[in-house]
Amino acid sequence: LSDAMSYARRSSAPVAIRYSNTAEQSELVSGFKRSGEALSPLVDFDLEAPPKYIFITYGRLLSKVVEAKGLLEKDGVSVGIILAECIKPDSSTADLVMTLCGRVKRIVYAEEGILSGGAAQGLLSSLNERGFDFSRTDYRISAIDDSFASPTEPCDLYDFVGLSPEKLARRISEI
């Protein structure tokens with residue numbers, strides 16, 4: 001967090017830094033490594049030989065994404081995770097994703113935020129501006145689709161909005 005705060009103080013543009021309001025689960029993050037300079041995303045895979053499918057996420061949803069990855073790996077699906085530490089500006093994440101174009105089959109950005117105008121759509125826009133070839137690597141978003149997530153029956157809220165581990169796993173592997 002100190003690298004992020006230092007960067008934010010030097011920046012002339014607005015900066016959004018992801019940090020949780022509870023203690024981060026160290027066992028979840030322990031397998032991640034920085035993909036580049038300070039504030040570059042963390043990854044849990046080898047950048048030289050990336051897996052076929054990649055999740056991008058941030059914040060508390062990481063635990064659900066890790067569970068989804070486990071479900072997929074049980075079925076023999078190769079999956080990696082990019083953990084975005086700085087969601088705005090998203091240039092370091094966009095730069096990393098550009099290096100994966102054509103090397104991975106699908107990227108799913110999973111966020112607890114709203115679909116319209118969220119971090120995942122911001123990254124989509126950045127990728128489009130950089131010339132990302134969406135025909136070579138599919139980019140999908142799993143986020144809350146402009147609703148207030150108000151189920152009429154008792155249920156798991158993550159499942160209701162499509163962010164449960166099972167629904168995330170289905171989203172990355174569906175045709």
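The expected span of a helix is 1.5 Å times one less than its number of residues. The legends below apply this to a predicted model.

**View 1. Overall fold of the predicted model.** The protein has 7 helices and 8 strands. Of its 175 residues, 42% are buried. Among contacts between residues at least 6 apart in sequence, 73% join residues at least 24 apart.

**View 2. Helix H5, residues 119-130, and its length.** H5 has 12 residues, so at 1.5 Å a residue the helix should span 16 Å. The C-alpha atoms at its ends are 17 Å apart, in agreement with that value. After H5 comes Gly-131, which has a positive phi, near 85°.

**View 3. The buried and exposed residues of H5.** Ala-119, Ala-120, Leu-123, Ser-126 and Leu-127 are the buried residues shown in H5. They cover an arc of only 120° around the axis and therefore lie on the same side of H5. An α-helix has 3.6 residues a turn, so residues three or four places apart point the same way. The face of H5 turned away from the buried side carries Asn-128 and Glu-129, which are exposed.

**View 4. Elements that cover the buried residues of H5.**

**View 5. Packing of H4 against H5.** The axes of H4 and H5 are 10 Å apart and meet at an angle of about 55°. On the H4 side the contact is made by Ser-91, Thr-93, Ala-94, Asp-95, Val-97 and Met-98. On the H5 side it is made by Leu-123, Ser-126, Leu-127 and Arg-130. Leu-123, Ser-126 and Leu-127 also belong to the buried residues of H5.

**View 6. Packing of H3 against H7.** Helix H3 (residues 62-74) and helix H7 (residues 165-173) pack with their axes 8 Å apart, at an angle of about 60°. H3 and H7 are therefore oblique to each other. The crossing of H3 and H7 is right-handed. H3 contributes Lys-64, Val-65, Glu-67, Ala-68, Leu-71 and Leu-72 to the contact. From H7, the contact residues are Pro-165, Glu-166, Leu-168, Ala-169, Ile-172 and Ser-173.

How values were computed: Residues are numbered from 1 along each chain as its sequence is written. This is a predicted model: local features need pLDDT of at least 70, side-chain atom pairs count only at pLDDT 80 or more; totals for chains, interfaces and linings use all residues. Side-chain values use heavy atoms; hydrogens and water are left out. Helices (H or I, at least four residues) and strands (E, at least two) are DSSP runs, numbered from the N terminus. Buried means under 20% relative accessible area, exposed over 50%, partly exposed in between (1.4 Å probe, protein chains only). The arc is that of the directions from the helix axis to the C-beta atoms. Contact means heavy atoms within 4.5 Å. Axes are lines fitted to C-alpha atoms, for helices over the stretch in contact, and angles run from 0 to 180 degrees between N-to-C directions. Angles under 35 degrees count as roughly parallel, over 145 as roughly antiparallel, 65 to 115 as roughly perpendicular and the rest as oblique. A crossing is left-handed if the near helix is turned anticlockwise from the far one by less than a right angle, and right-handed if clockwise.
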